[in-house]
Amino acid sequence: MYLEILQRKFLPLQILLFFLVVSGCEATLAPAYDQAIVESVTENSELAMRFFAEVDGGTESDSFFTRQSTYNKLIGAFLSLKLQAKARPVPKNVAVDKINELLQAKGSNVITGDYPSAFAFEQIAKTFIKMKEVDRDRGLKPLALEAFKGQIEIFLDQAITYESFLKR
Amino acid sequence: MNENVTNIISEIKDIASGILEKDISAVRGFSERQVEAIAKQTVLIQNGVKNGDIDEDLREFFLDGLEAMALNFVNTLKGILMVTLEKLWNALVNFLYKAVGVVI
C-alpha cells in the first residue's frame with residue numbers, strides 16, 4: 001500500500017530520469033554558432049544600408065551602370081551567406097523527432113534542416129536581384145525603394161536574431 | 001514530501017526560470033519588432049500601389065515577400081525555441097546527473 005503510493009508519487013521523476021538516461025546526456029537541437037557568419041552579416045548589412053542611403057529618394061535607369069557593381073557585390077554576399085548558413089550539419093536526434101511528432105499532432109509545420117537565417121539570406125539576395133532588374137529597366141520610384149529597403153530590413157532582423165541566438 | 005525531492009524540484013524550477021526569463025524577454029523584443037515592421041511594410045506597399053510608385057509586377061513581388069517574411073518569422077521563433085529547449089534540456093540533464101552522482 002505504502003509502496004504503491006510512493007511509486008506513484010515519484011513516477012514522473014523516474015520517467016524523466018529514465019528518458020534522460022536513454023536519450024544520452026547532452027542534446028544538440030540547433031546548429032552551431034558561427035562567428036564568421038555573424039561578422040559577414042554585420043559587414044554586408046552595413047554595405048546594404050549605405051547603398052540605400054546613397055539612392056535615397058529614387059533612381060533613374062540612365063545611371064544604373066554606376067550602381068551595378070554594388071548590386072552584384074550584395075547579391076553575391078548574401079547568396080554566399082545562404083550557403084555558409086546551410087553548410088552546418090543539422091542535428092538529428094530523438095528529441096527533435098519527438099518535438100516534430102508533437103508539432104505534427106498540433107497541425108504545425110515540422111522543424112526541418114532549412115535554417116531561418118539561410119532562408120532570410122536567400123530572400124535578401126532575391127530582393128536585391130529584383131531591385132537591380134527594376135533599377136536597370138525603369139528606375140526606382142521613392143515608395144518602391146522604401147518597400148525594397150523594408151523587406152531587406154525585416155529579413156536581416158530575422159537572420160541576425162537567429163544567428164545571435166545560436167551563441168549559447 | 002521528502003526534503004531531497006523538495007530541493008530537487010526547487011532547483012529544477014530555478015534553472016528553468018533563469019533560462020526561460022532571459023530567452024522569453026529576447027523573443028518578445030524580436031516579435032514586437034517584426035510585427036510592427038511587417039505592418040508598416042504592408043501600409044507602405046498599399047501607399048505605393050495607390051500613388052503608382054509600385055506597379056502590378058512589383059505589387060506581386062512584394063506580396064510574395066510579405067508571405068515569405070511572415071512564414072520565416074514563425075520559423076525563426078521555432079528556431080529560437082529549439083535553442084531555448086536545448087539550453088533547458090542540457091542544464092536539467094547536468095543538474096540531474098550531478099544529483100544522482102553521475103559524472104558527464
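Against which helices do the buried residues of helix 1 of chain B pack? The points below take up this question together with the wider arrangement of the two chains.

1. On conventions, this is a predicted model in which local features need pLDDT of at least 70 and side-chain atom pairs count only at pLDDT 80 or more, while totals for chains, interfaces and linings use all residues. Residues are numbered from 1 along each chain as its sequence is written, and chains are lettered from A and ligands numbered from 1 in the order in which they are written.

2. Chain A contains seven helices and zero strands, where helices (H or I, at least four residues) and strands (E, at least two) are DSSP runs numbered from the N terminus. Of its 168 residues, 33% are buried; a residue is buried if 20 or more other C-beta atoms, placed from the backbone, lie within 10 Å of its own, exposed if 12 or fewer, and partly exposed in between. Among the contacts in chain A with a separation of 6 or more, 85% join residues 24 or more positions apart, a contact being a pair of residues whose C-beta atoms, placed from the backbone, lie within 7 Å.

3. Helix 6 of chain A, with 23 residues, reaches 33 Å from its first C-alpha to its last, close to the 33 Å expected at 1.5 Å a residue, the expected span being 1.5 Å times one less than the number of residues. Just after this helix, Gly139(A) takes a positive phi of about 80°.

4. Between the chains, 36 residues of chain A are in contact with 37 residues of chain B. On the chain A side, helix 2 (11-23), helix 6 (116-138) and helix 7 (142-165) each supply at least two residues, and helix 7 gives the most, with 15 residues. By class, that side of chain A divides into 22 nonpolar, seven polar and seven charged residues, with Ala, Val, Leu, Ile, Met, Phe, Trp, Tyr, Cys and Pro counted as nonpolar, Asp, Glu, Lys and Arg as charged, and the others, Gly among them, as polar.

5. To return to the opening question, the buried residues of helix 1 of chain B pack against helix 7 of chain A together with helix 2 of chain B. Those buried residues are Phe30(B), Gln34(B), Gln41(B), Leu44(B), Ile45(B) and Gly48(B). Helix 1 of chain B has 49 residues and reaches 71 Å from its first C-alpha to its last, close to the 72 Å expected at 1.5 Å a residue, and just after this helix Gly52(B) takes a positive phi of about 90°.

6. The largest nonpolar core has 45 residues, of which Phe78(A), Phe121(A), Ile124(A), Ala144(A), Ala147(A) and Phe155(A) touch the most other members; such a core is a set of buried Ala, Val, Leu, Ile, Met, Phe, Trp, Tyr and Cys residues joined through C-beta atoms within 7 Å. Helix 3 (35-54), helix 4 (65-86), helix 6 and helix 7 of chain A, together with helix 1 and helix 2 of chain B, each supply at least two residues of this core, and helix 7 of chain A gives the most, with twelve residues. Not counting residues up to four places away in sequence, Phe155(A) touches Ala120(A), Gln123(A), Ile124(A) and Met69(B).

7. Ala91(B) has its place in helix 2 of chain B and is partly exposed, with 16 other C-beta atoms within 10 Å. Leaving aside neighbours within four places in sequence, Ala91(B) is in contact with Ile15(B) and Ile19(B).

Terms used:
Two residues are in contact if their C-beta atoms, placed from the backbone, lie within 7 Å.
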